[in-house]
Amino acid sequence: MEEIQSHSENYRSSSSSASSPASRVPSSNFFYLRKQGALRQPISFEDSPDWEDNNTDVEVRVEEGGDSINTATTPISPSLSKLNSGSLPSPPLPEGAVVARKIAGAAIVWRDLTVTIKGKRKYSDRVVKSSNGYALPGTMTVIMGPGKSGKSTLLRALAGRLDDSAKTYGEVFVNGAKSSLQYGSYGYVERKNTLIGSLTVREFLYYSALLQLPGFFYQKKSVVEDAIQAMSLGDYANKLIGGHCYMKGLPSGERRRVSIARELVMRPQVLFIDEPLYHLDSVSALLMMVTLKKLASTGCTLIFTIYQSSTEVFGLYDRICLLSNGNTLFFGETLACLQHFSNAGFPCPIMQSPSDHFLRAINTDFDRIITMCKTWQDDNGDFSNVNMDTAVAIRTLEETYRSSADAAAVETMIHRLTEREGPSLKSKGKASSATRIAVLTWRSLLIMSREWKYYWLRLILCMLLALCVGTAFSGLGHSLSSVGTRVAAIFAFISFASLLSIVGVPAQLKEVKVYACEDSNQHSGGIVFLTGQLLASFPFLFLISISSSLVFYFLVGLRNDFSFMMYFVLNFFMCLLVNEGLVLVVATVLQDVFWTISTLVFIHVMMMLSAGYFRIRSALPGPVWMYPVSYIAFHTYSIQGLLENEYDGTSFAVGQVRTITGYQALHNVYDISPDNNSKWRNLLILSLMALAYRVLVFLLLHFCVKKNSSLFRFVCCKLKMNE
C-alpha cells in the first residue's frame, strides 16, 4: 500500500492543473445531461421496477434534430450525489415536438460473470473476471476499456453469442429471470460493417426485413421507413451504399448507421453494438451517439463497447463499465466515474477528455512510452505527466472500487432487479425458408446486374476469349488432318474460359462475408444461402455460356446441327457451374482475395496440365503424381464430352478404299471412351461435381465461417507464434 500511495501522490502532484472533485463536473457546453425527473419517475435503489407496466405503450417526446435529449432518469450513485449536478438542467422541449412510440425494453443484469477462453490470453484464460452490472430500458450502458480488456467478450456473453470454445460462469438475467434472449428480442451489430455496395440504403434494409420478418411484403415497408427515420438516414435512403467495386459510397458514419438500422427492422427491446464509433471522426461520432441517444429515449436498452470518445460523446452515456485485463474497475453513473478516479488519487486534469484520462491510467501500453521517455526530454521539460505505473493505477482503482459505496449500490440494485421475475421476452416469427431463398435469389440477381466490374467484365472477357481463339482456329474444315487442331482449339477455349472465373473472386468473398453476418443474426442459413446463390447464378452463367459458345462455335466451324450446338452450350454451362463451386470452396477456406486468386490459378494450371499430359496422346508424358488429378479435373470431362459430341457418328476417308470412324480418328489424338453415350455420362459427372462442390461449401460454411476461422488466419497465427 505504501507503493500505491507513493505512486498516487506522484501522479497527483504531476497533474498540477487538476481541480477539486466538485469542480470536475464539466460544464453544459461539453455535456448533454438528462433533466432530473423528466418524463417518468426514476428507478430508485429501494424499489424494484414495476414489471406490470412494461408492456404498456408510453408516449415520450423527442426533440427532432436537437442535441439535448430527455430520457428516463436513473438513480444517482452515492459518489455522484456529492456533485452539484442539479445546476445543469437541460433546455425545455419546444412546442410541436415529435411524438415517438415507447418500446418495452428489457432490464439486463449480470452477476459474477466470468468468461474463459483457452489460449485467448498469454498468462490467463480468464478474459472476463467476476463482472457485475446492469442495463435498464431507456438508457445507454457503455463498456469501456483499452484493447484486449474483454469488452467485446463481455458484450457477446451478455448477448449469448460466444463461441463453443468459451466457457461462461456466473448469471445473466433478463427482466429478473435466468433466460437467454430470444430471436427478434435483441439485435447485435458487429464491429465491422458488412454491407452490399450495389444496393441503396432503402433496398438493403428492405431485403433485410424480408429475410427477418414473416408476413406480406407491403407490411415491411413501414418497418423499413421507421428504421431509416430512427437512424436519421432519410437524406441517404435512395443513395447507393457504395464501396466494393464503386469509386465512392456513403461516408463511414452513415455506413455505420445503416448497419445498426438493419437490426432495427426487428424492433428489438435490447440492442448490442460492438464499437459503434469504429473508424469514425469526431463529428460522425457525435452524430452517431446523438442518434443512439434518441433511439434509447424510446425505451430501447442499449449496450455497446467503446474504446475512446470525445468529451461531448462521453457526456451522453448513462452508465459506464470500465474494464482492464478483464477486471471491472468501475461500474456506475458516468459522472461518478470521475469522482471514483479522484477518490483513488487520479483526478482528471482540466482540458482533458475523461475517456482519455481513464485509458491513460489503465492502459498498460503506456508503460512502453514511459520507458522511452525516462531519458528523453522535449522543449517543455521532462514528461512528468506520464511517469505513473499503470499496473499500480489498475490495482488502486480496483481496490478502491471494491470498497466503495458505488459497488455496494450496484449489488443492491442487482438484488432488487432479480428478486422477482418480470415479463419474459418472446421469440418473434421468422420468414419461411422458401421466402428467404426467393429473397436471396432476387437480391443476388440485382447485385449481378449492377456490379459490372466483377460480373459484366467477366462476360466481356469470355466474349473476347471466344473471339480470339475462334479467329486463330477459324476455317479448319472437316478433314482428317484437322482433328488435332480442333482438339487444341476446344482445349484452349475450355481451359482459359475456366481460368477467367478469378475475376469474380472479390464478389464471391463479399457474398461469403454477407452470409456470415446474416447467419450470425439468424437471418439466413447455409442451405438457404447456397440455394439462392445457385439459382441466381443460373441466368448469368447461361448468358456467358450461350454468348461465348456461339461465337466460338461458328468461328471454328464445328458441326452444323442444332442438337450438337445445344450440347456444346450445355456442356460449357455445366463446366462454368462446376468452376463456380470450386471458386466458392477456395474462397470459403482462405477468405482472402490474394491467396484465393493465387490458389485458383495454381489449381487451374494443374488441371490443365493433367488433362493435357494424360489425355492428349501427342503430348509429352507428365509426372506420375499428376495422373490422378486428370480424373478429378472438370476440364477432362468437359473436353471429352465436347470432342465426342463433335466426332460422334462421323467418318473420314483414308485413301480411296478405306474409311475410319470419327472415334478412331479422335482416339489417335485424344484419349476418349468408345461408348456412344459417353458424352452424356461426362455431362452427368459434371453435374455431380457441381453438386459435390456445393455440399463441400455447406460443410465449410459451418466449420470456417460460423467458427470465424480460415486457413489463411490459421497460418498467419502460427507464423506470429513462431516469431
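This report describes a strand and its partners, some aromatic contacts and a surface patch in a predicted model.

## Basis of the description

Because the model is predicted, local features need pLDDT of at least 70 and side-chain atom pairs count only at pLDDT 80 or more, whereas totals for chains, interfaces and linings use all residues. Residues are numbered from 1 along each chain as its sequence is written, and side-chain values use heavy atoms, with hydrogens and water left out.

## A covered strand

Strand E10 covers residues 319-324, and six of its six residues are buried; buried means under 20% relative accessible area, exposed over 50%, and partly exposed in between, with a 1.4 Å probe and protein chains only. Strands (E, at least two residues) and helices (H or I, at least four) are DSSP runs, numbered from the N terminus. Arg 319, Cys 321 and Leu 323 lie on one side of E10, while Ile 320, Leu 322 and Ser 324 lie on the other, and both faces are covered.

E10 pairs in the parallel sense with strand E5 (residues 140-144) over four bridges, where two strands pair if DSSP finds at least two bridges between them. In this pairing, Thr 141 has Arg 319 as its bridge partner in E10. With strand E11 (residues 327-333), E10 pairs in the antiparallel sense over six bridges, and the partner of Ile 320 in E11 is Gly 332. E10 and E11 form a hairpin with two residues between them, and Asn 325 in the turn has a positive phi of about 55°.

## Aromatic pairs

The count of aromatic pairs comes to 22; rings of Phe, Tyr and Trp (its six-membered ring) pair if their centres lie within 6.5 Å, and planes under 30 degrees apart count as stacked, over 60 as edge-to-face and the rest as tilted. Tyr 186 and Phe 272 form an edge-to-face pair, 6.1 Å centre to centre with 75° between the planes. This pair links strand E7 (residues 186-189) with strand E8 (residues 270-273), as Tyr 186 and Phe 272 are 86 residues apart, and both residues are buried.

## A nonpolar surface patch

Ile 527, Leu 691, Val 695, Phe 698, Leu 699 and Phe 703 form a nonpolar patch on the surface, with about 590 Å² of accessible area together. Areas come from the Shrake-Rupley method with a 1.4 Å probe, and for residues only the protein chains shown count as cover. Patches are made of residues with over 30% relative accessible area and no salt bridge; like charges are joined within 9 Å, and nonpolar side chains (Val, Leu, Ile, Met, Phe, Trp, Tyr) within 5 Å. A salt bridge is a side-chain nitrogen of Lys or Arg within 4 Å of a carboxyl oxygen of Asp or Glu. Helix H23 (residues 678-705) gives the largest share of the patch, five residues.
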